[in-house]
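Let's take a walk through this protein together.

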Amino acid sequence: MLSDREIVKCFQTLSEAEGLGVTISESLKGGMKVGVCAALGGLLLGPPGLAIGGTVGGLLATASAANFRPVHEVLAELGPAERQKLCNEFRRVTSHLTISDYAMLAARVAGDAGLKAVLVTLVKDFVVHELKHTLK
């Protein structure tokens, strides 16, 4: 029987091969940038400085609003509960297969396009619905 670590390793390998990535939103940091720039602009230039500072802060926040991270990195940082959910889903969709170790799993995935597609869809759905990330 495959360990949870081996299952997550499979998903990491698949997501890396597929080039899957997510964007991590940083809206709180963006809001702080706007606020600080508007306050500085207001202190330096008065009322027009509020508008100028707010605009500059908004542009800075927009430029850094989303960071790209590969899915395989996100999967490496899963907590125990999230890891268990992902592994349970894997076991559910592969319950009809006899896979005893990682090498056997890798060979099955490499040789079965249908299985590969199912597992890629599973990891995409998990990242979007369970982890609340946006795929890029």
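Predicted model: local features only at pLDDT ≥ 70, side-chain atom pairs only at ≥ 80, totals over all residues.

A salt bridge here is a side-chain nitrogen of Lys or Arg within 4 Å of a carboxyl oxygen of Asp or Glu. Arg69 pairs with Glu73 at 3.8 Å, N to O, and with Glu77, where the closest N and O atoms are 2.9 Å apart. How open are these residues to the outside? Buried means under 20% relative accessible area, exposed over 50%, and partly exposed in between (1.4 Å probe, protein chains only). Arg69, at 21%, is partly exposed, and so is Glu73, at 35%. Glu77 has 54% relative accessibility, so Glu77 counts as exposed.

Searching the whole structure turns up six salt bridges. Another of them joins Glu130 to Lys85, with the closest N and O atoms 3.1 Å apart. Glu130 sits in helix α7 and Lys85 in helix α5, so this pair ties together parts that are 45 residues apart in sequence. Helices (H or I, at least four residues) and strands (E, at least two) are DSSP runs, numbered from the N terminus. Both partners are partly exposed: Glu130 has a relative accessible area of 40%, and Lys85 has 45%.

Now find helix α6, residues 102-111. Which of its residues are buried? Tyr102, Leu105 and Val109 are. Look down the axis of α6 and these buried residues fall within an arc of 60°, so they line one face of the helix; the arc is that of the directions from the helix axis to the C-beta atoms. The face turned away from that buried side carries the exposed residues Ala103, Ala107, Ala110 and Gly111. And what covers the buried residues of α6? The cover includes α1 (4-18), α5 (80-93) and α7 (113-130).

Next, head to the surface, where Val36, Leu40, Leu43, Leu44, Leu45, Ile52, Val56 and Leu60 form a nonpolar patch. Together they have about 830 Å² of accessible area, worked out by the Shrake-Rupley method with a 1.4 Å probe, where only the protein chains shown count as cover for residues. Patches are made of residues with over 30% relative accessible area and no salt bridge; like charges are joined within 9 Å, and nonpolar side chains (Val, Leu, Ile, Met, Phe, Trp, Tyr) within 5 Å. Helices α2 (27-45) and α3 (47-63) each supply at least two residues of the patch, and the largest share, five residues, comes from α2. Ile52 lies in helix α3 and, at 48% relative accessibility, counts as partly exposed.

Last stop: the cysteines. A disulfide is a covalent bond between the sulfur atoms of two cysteines. The cut-off used is a pair of cysteine sulfur atoms within 2.5 Å. How many disulfides does a search of the whole structure find? The count is zero. Cys87 is in no disulfide, and the nearest cysteine sulfur, that of Cys10, is 10 Å away. Cys87 is buried, at 0% relative accessibility, and Cys37 is buried too, at 19%.

Terms used. Residues numbered from 1 in each chain as written. Heavy atoms only, no water. Contact = heavy atoms within 4.5 Å.
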